[in-house]
Amino acid sequence: MTSSQLSNTITDRIAKVRQQLPETVRLIAVSKQVSVEAIREAYTAGIRDFGESRVQEVAVKQSQLQDLPDITWHLIGHLQTNKAKKALEHFQWIQSLDSLKLAQTLDRLATSLSTNPQVLLQVKLLPDPNKYGWTVEELFQDLPALNECQNIQIKGLMTIAPLNLSEPENLTLFQNTRSLAAQIQEQNWSNIQMQHLSMGMSDDYHLAVQGGATMVRLGRTLFGERS
């Protein structure tokens, strides 16, 4: 595939998705395992938000994309606490904050780095051994301690639907996540806001938008199958 064909393919895909998304929904292009050239194609097509799962991978890409300073990088993969400092150095958003321990680690490190990252709390409303995140009960138990974090900006919830749900089950999951965010917002925490819902990936983003997503995370839909 030539560079121009790649450009048209990515550009066309992005344009098609944008036609399907309300203006209120933020499109996060999941660029993990995607080349720097493809990221540049997406950037030229108007994408400014990119999602990555690994700190080492994003660091290499950022070194090659220093001429594009207005990119916002979102961490969407599981973050081990021993890599929290590196994550704060490379990402403006951490969408996959999945435990109180990690929140407190990020909050402490953010002070020394003079940064105030925006974060989303990853929740798991259905049992799924392959996913990280709080259950509803765990999250309500930890909210008082999360509210004491002064240096991370808690902006909402993120969820990943389990595999093999039916469309009605998927939609219900997203609607329940929106309801959970509303319950948390009603409690009027001083340092916890529920402005964003990051829900939906390539196979289910239409349902996520119906369910109230303000962010969708699309990889294959924009970039094609990864090698």
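**The second largest pocket**

Author: In the second largest pocket, the element that gives the largest share of the lining is helix α3 (residues 55-64), with 3 residues; a helix here is a DSSP run of H or I, at least four residues long, numbered from the N terminus. The model is a predicted one, in which local features need pLDDT of at least 70 and side-chain atom pairs pLDDT 80 or more, while totals for chains, interfaces and linings use all residues. Numbering starts from 1 along each chain as its sequence is written, and side-chain values use heavy atoms, without hydrogens or water.

A pocket is an open set of points on a 1 Å grid over the protein atoms alone, where a 1.4 Å probe fits, with protein on both sides within 12 Å along at least five of seven lines, and its lining residues have an atom within 4 Å of a point. About 290 Å³ of space lies in this one, volume being the space filled by probe spheres set on the points. Its lining has 13 residues, and those nearest the centre are Ser 53, Arg 54, Val 55, Gly 77 and His 78. By class, 3 of the lining residues are nonpolar, 6 polar and 4 charged; Asp, Glu, Lys and Arg count as charged, Ala, Val, Leu, Ile, Met, Phe, Trp, Tyr, Cys and Pro as nonpolar, and the others, including Gly, as polar.

Terms used. Helix = DSSP H or I, 4+ residues; strand = E, 2+ residues; numbered from the N terminus.
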